[in-house]
Amino acid sequence: MILLKLSRKMISSNFYLLLGILLGVCISCYLDSTCRPYRDPKLKEETLDLQPVTRKRISQKIIHSNKPPTSSKEPEKLVRPHYISTELSIRDKLFVGVLTSEDKINTQAVYINKTVTHLVDKVKFFITVHNKMRHTFNLTGIVGFTDSRSRYRPFQMIKYVGDTFMQGYDYYFFMNDFNYLNVRELKQLVGKVSASNDVYLGTPVDDGSYCNLDAGILISNSVLRALRANLDWCINNAVSDDSSENLGRCVYYSTKLECQASVKGRFLSSYKLKHFQLEKHLQPLSKRKEFNRAVVVYPILQAKDFHILNAYFSRRRLEELQSEIADLSKGLNGTWPPGQRVAAKPATRFDVLPQLYFNSTHLFFPDDFTNIRPHTTADYLDVQKVIKAITDKVLYDNSETFQYRRLVNGYRRFDLSRGMDYTIDLGFRNLQTGKEVIKRFEVCKPLGKVEFVPAPYVTENVRATILLPVEETDGDLAQEFLNNYEKVIMRRRDKVMLMLVLMYQSSSPSKGNSDIFATLKQRATKLSNKYHSDEMRIVWVSIRLPAVNGTMTLGNCKVLNFAMVDLAMRKIGTDALVLVLDVHADFTPEFLNRVRMNTISNFQVFSPIPFRQYNPNVTHADALDVKKTVGHFDRDEYKYIAFYGKDYVTARKKAQDEIPIVRTDNDIAKIVGNTHSGNIYELFLKYLENIHCMRATEKDLRVKYHEDMSNGDRSNLFVGTKLQLAKIILDFQNVIDVIYK
């Protein structure tokens with residue numbers, strides 16, 4: 001009763017306070033959209049619709065914002081790896097790690113290095129060093145650890161390899177400095193086992209489930225990843241003084257693998273020597289199968305024993321190869337030359353490889369556009385070399401019968417899967433009868449081993465500068481080029497600067513409204529202001545041509561190409577990547593990326609072979625597509641070229657005696673009478689021997705049809721295909737007959 005009276009008294013005295021708290025809770029629940037009434041999850045779906053307040057609040061929220069909620073977190077940029085091999089997960093095959101010491105780094109480790117390094121992808125030597133080095137090391141690839149506790153050395157090695165080389169190799173072989181490694185057998189083993197397998201391969205210890213580190217251990221990339229991830233546990237549980245046991249315990253904890261004696265039928269055999277005077281006991285050892293198939297021989301304590309074993313196993317490998325060659329030679333089915341791939345059989349008549357006819361000076365019908373052309377220097381030397389090889393063979397066999405006279409006929413065919421095949425008819429004088437005898441010979445020049453040419457590292461992020469010469473008659477074409485440039489480059493905000501080289505005749509106005517290029521300059525300024533960025537500006541440089549009889553153009557004065565680039569380089573700078581185009585060029589962003597990748601400073605210039613359009617009135621093609629009925633790749637066109645400014649300046653300085661360098665407009669008069677071809681590609685080819693000049697067909701660089709009669713030695717005038725031209729002749733046969741009657 002007393003408690004009840006106290007409660008009534010407390011409520012009555014604090015009634016307004018409690019009422020205010022209750023009203024505040026109700027109002028806040030109504031105003032806060034995140035507040036939801038309790039819903040029993042067992043209720044049916046229909047009962048959820050009986051909440052008018054909640055539905056009203058949700059409805060108001062949807063009307064208030066028509067856009068879906070966006071995350072405030074910015075999307076991460078795609079960061080591409082430094083090398084393509086990393087992005088494609090392309091790895092080398094084998095890494096070898098050798099545990100050694102300071103005392104043996106200049107003896108045992110050196111002998112291992114001489115017998116192993118040139119045959120594997122990577123070798124590292126792991127030693128324990130003190131604060132002050134006691135020796136001068138004669139090796140590279142040495143990794144030193146300051147922790148001298150021997151039980152942790154394998155894990156120090158695993159940590160270093162996992163942090164540094166985990167992405168680079170499929171297999172990792174760890175050994176001691178007293179092991180001789182028959183590395184050729186090891187490479188054969190890892191080459192036969194898939195890198196997707198979990199491999200912990202070696203020689204099991206007696207009465208144990210782990211591999212003996214003294215005999216060498218091979219692990220796969222997946223096992224190394226697991227060891228690196230559990231390295232802390234492995235170090236904390238390294239309770240034994242035996243490194244093999246500690247490493248085996250770590251492998252079992254990380255992968256549940258015990259030591260494997262073989263993988264996919266492949267063994268990592270080892271042989272333990274019982275005699276240390278190897279030179280005396282090598283003869284009886286060579287008769288033992290387990291010794292001959294050993295990948296690791298241990299322990300080796302004398303320096304000469306490494307070389308004795310290396311010579312022995314190298315000789316055995318050579319004998320095995322000779323035996324394989326002899327067996328393969330017996331199985332040759334009449335192929336010629338012996339062991340070479342048989343020529344590919346064409347699937348249809350359109351796939352038949354052409355036989356090109358040649359004589360001692362010319363090649364006939366080398367392509368669809370050429371009837372005859374002289375041999376290039378390389379072709380001529382090649383023909384002479386083949387003829388000499390034939391005549392030497394004939395005169396060696398018949399020195400008193402025949403005397404070489406002449407080349408009668410020659411045919412050659414290039415097979416991508418085989419090489420170059422020659423069929424040659426040679427005329428010999430019979431010394432006994434005095435008559436000419438013609439003999440036919442077949443010669444094959446097989447393809448050699450493909451080798452990769454090392455090149456400096458380049459990226460697609462290099463800023464490029466397009467150099468565009470514009471003559472007074474090119475105003476409309478230049479406007480079309482700017483329209484395409486805006487669409488392809490500026491809207492994508494690519495790192496490209498366009499420099500217009502405006503070429504004024506001697507008497508043409510260049511200022512005010514009377515400027516012949518005023519419209520073009522206004523258009524360039526408008527685009528630069530629209531996409532205001534220093535990395536993709538449109539600028540121009542004006543060149544005043546000297547007074548001559550008639551009009552001076554790039555067509556009738558080829559040497560102006562050098563004057564144009566010389567004057568432009570003064571504003572561009574020598575560090576820039578320069579691409580020379582013209583107003584007829586149509587290109588894509590992919591083309592510019594290939595220019596960036598194929599043009600390398602102080603190493604390579606790039607001259608793309610463009611796809612040139614035929615006359616649309618002949619082809620009746622609506623679009624400029626890469627088709628043989630629309631155009632063809634013009635191998636005679638060299639004006640399109642990409643290079644670095646430093647390389648161009650170096651070449652021009654060497655050529656200034658032949659073509660003076662143009663520093664101002666007044667200097668152009670000094671080169672007007674020069675008969676040079678104006679070919680910048682030829683400049684690099686002639687004066688920079690250390691620069692590789694690369695040419696390749698480029699489907700994304702297309703040249704619109706235009707009449708170019710300035711170069712009369714072209715092999716094609718870009719009118720149309722032979723079939724199209726023949727059809728026009730037949731269609732207008734009556735008109736032709738009337739004209740020529």
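Analyst: The structure holds two disulfides. This is a predicted model, where local features need pLDDT of at least 70, side-chain atom pairs count only at pLDDT 80 or more, and totals for chains, interfaces and linings use all residues. Residues are numbered from 1 along each chain as its sequence is written, and side-chain values use heavy atoms, with hydrogens and water left out.

User: Why is the pair Cys 211 and Cys 259 called a disulfide?

Analyst: The term covers a pair of cysteine sulfur atoms within 2.5 Å. Here the S to S distance is 1.9 Å, so Cys 211 and Cys 259 meet the cut-off.

User: What makes the disulfide of Cys 211 and Cys 259 right-handed?

Analyst: The torsion about its S-S bond, which is about 100 degrees, so we call it right-handed. Cys 211 sits in the loop between strand 6 (200–202) and strand 7 (217–220), while Cys 259 sits in the loop between helix 10 (243–255) and strand 8 (262–263), so the bond ties together parts 48 residues apart in sequence. Helices (H or I, at least four residues) and strands (E, at least two) are DSSP runs, numbered from the N terminus.

User: Why do Cys 211 and Cys 259 count as buried?

Analyst: Buried means under 20% relative accessible area, with exposed over 50% and partly exposed in between (1.4 Å probe, protein chains only). Cys 211 has 0% and Cys 259 has 15%, so both get the label.

User: How do you know that Cys 234 and Cys 250 form a disulfide?

Analyst: By the distance again: their sulfur atoms are 1.9 Å apart, so the pair passes the test. Its S-S torsion is about 70 degrees, so this disulfide is right-handed too. The bond links Cys 234 in helix 9 (residues 231–236) with Cys 250 in helix 10, 16 residues apart. Cys 234 and Cys 250 are both buried.

User: What is the pairing when the bonded cysteines are numbered in sequence order?

Analyst: The pairing is 1-4, 2-3.

User: And what makes a set of residues a nonpolar core?

Analyst: The members must be buried Ala, Val, Leu, Ile, Met, Phe, Trp, Tyr and Cys residues joined through side-chain atoms within 4.5 Å. The largest such core has 49 residues, and those with the most contacts inside it include Leu 94, Phe 173 and Phe 291. Another core lies apart from it, with 41 residues, among them Met 552 and Leu 683.
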